Amino acid sequence: MIELRDVSVAYETSQVLERVSFRVQRGAFTGLAGANGSGKTTILRLMARLHTPHTGEVLVDDRDVASYSRRELARLVSGVWQRPSLSFGFTARQIVLLGRTPYLSPLRWETRDDEAIAGKAMEETQTAHLASRIASTLSAGELQRVFIAAALAQQTRVLLLDEPTSFLDLRQAARLSALLKRLSGNGITIVCASHDLALLRRHATSIVILADRQASTTTPDALTREMLTRVFDIHEEEWYA
Amino acid sequence: MPRGAAVVSERTRFFATIAVLLVALIVCTVLSLVTGAMPIAPRNVVSAILHSDPSDINNSVIRVIRLPRVASAIVVGWALALAGLCFQALLRNPLASEYTLGVSSGASLGAVLVALLHIAMPLATPLFAFGGALSTIAIVIWLSRARLAFETNSTILAGVIFTSLANAALSLILSVVSPNELHTFFFWFMGSFANSEWTTLIPVAVVVALLSIVLYAFAWQMNALGVGDDFAAQAGVPIERTRTALFVLASLLTAFVVSIAGTIGFVGLVVPHLARLAIGVDNRKLIPVAALGGAALCVAADLLARTLLAPNELPAGVVTAFIGVPVFVMLMRRRR
């Protein structure tokens, strides 16, 4: 479904990824784990073509992402990103309807079908009751679910999630976790970058560990303390500090 | 999703706002046509619009002076409000407008150059105004060092700084030109509809109408951009192309109307904001509402400019500034 082939990315002074290759299977839930700055978000951005690799290729459905038009790619891959702009008073419903953007044009405005799809996405994410609320007044968890609803309204087969549980309290995180389980059960391919290893261990079918500019694929069961000590560079005494 | 009460009231509010603005525009237009140094009865206004009679002084006043003047105010207000809306969508900042970004001043400088250098090329004024507008955008972007990531207020600050510089340059020109030319240059500085003529207005009106249609085609993309570049890009909006198109559209709208009316400030800042307060943030609804609101505001401002201190006449830009500054201050306080 998605493949990175020999991908290298560097930001100004530092190399983030160096000849990274891995594959995400169709319908899989892939977790991206690694320390801050290890390139988790960069990988998600590469998959959505929000970033271009310096070398190598990113393939979606065996085609280079660069060869898709924005619209074509938006019908295949959707994402929920950190720090969306909420400068204007968009309501939750308006944000979810914006997920229909790849199907609209100047001559084709959203129809009742589009509204129905957005409505279903809001029900699925338990956000229907927030429809007329201004997005900036929502809690972090509510906002996260609204943006997931927008991604679902996009009706893509791939969903990219960047730190979906950051800033969420326990209840909101549990709700999100249940939602991800449902989505994964519906056959959506999910790639989720997260520091929440419990979340990844619970849902992921495979985990890509990012360390030292390299990626290695493993299973959730392999997330042992030895591995985390190495990946996150944690000293023995720090585990108990 | 149930198409509930909130959706119905949104639609009703949109049509009610359009209706109110249309009535306001018609009332201000009628008042502008009948009021002046020589009051003319509405009956005579209608007859002057329908039949040309050069021997009748009332007929000439309406056809040659007041009608082009009020039409010019409509076109200018319409275009400035749309340019402001466009800049606000691009910068995701309700404080952005062609005026606060210095684009109007840049366009005015370009237009002043044509008069100063006595350039007689056809369409020289709008072309130079467009050059001035685009150069301003380039300078403001460079000053703000924000490149294409316009999230911060630094772009607005850069715009305000550039406006001061451009106004200083215009003042310098005003202080060195001969007294005979002073009035012409003062016009670019403060903005006015007093020099409106059909010959210059009609081409500008046609261009503004076409640009408005093109802008409308971008309304949905403007909505997606409002939630952030990443969101818009992954939702299928070609960011760079859309941004460039919107910048060019907003600069063209500003440049063309500056070329016929000089710098009319605050319309592009205040009107989109008030429109958003009235009907929400969907640009497909904001575009018609802001356009009509801008037109109504400029016709009202020109009416006040002509009547407040009659027989003296104020520049329309002074009136829009007196309305705009308190609203701008209110916006700044709300954003704290």
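Tutor: A crossing is right-handed if the near helix is turned clockwise from the far one by less than a right angle, and left-handed if anticlockwise. This is a predicted model, in which local features need pLDDT of at least 70, side-chain atom pairs count only at pLDDT 80 or more, and totals for chains, interfaces and linings use all residues. Residues are numbered from 1 along each chain as its sequence is written, with chains lettered from A and ligands numbered from 1 in the order in which they are written.

Student: In which hand does α12(B) pass α13(B)?

Tutor: The crossing of α12(B) and α13(B) is right-handed. The helices, DSSP runs of H or I with at least four residues, span residues 267-279 and 283-307 of chain B.

Student: Why is α12(B) called oblique to α13(B)?

Tutor: Their angle is about 130°, with the axes 9 Å apart; axes are lines fitted to C-alpha atoms over the stretch in contact, and angles run from 0 to 180 degrees between N-to-C directions. Under 35 degrees is roughly parallel, over 145 roughly antiparallel, 65 to 115 roughly perpendicular and the rest oblique; α12(B) is therefore oblique to α13(B).

Student: What makes up the contact of α12(B) with α13(B)?

Tutor: Residues are in contact if their C-beta atoms, placed from the backbone, lie within 7 Å. Those taking part include V271(B) and L274(B) of α12(B), and V289(B) and L297(B) of α13(B). The contact divides into 12 nonpolar, 2 polar and 2 charged residues, where Ala, Val, Leu, Ile, Met, Phe, Trp, Tyr, Cys and Pro count as nonpolar, Asp, Glu, Lys and Arg as charged, and the others as polar.

Student: How many residues does each chain give to the contact between chains A and B?

Tutor: Chain B gives 23 residues and chain A 32. On the side of chain B, α10(B) supplies the largest share, 4 residues.

Methods: Helices (H or I, at least four residues) and strands (E, at least two) are DSSP runs, numbered from the N terminus. Two residues are in contact if their C-beta atoms, placed from the backbone, lie within 7 Å.
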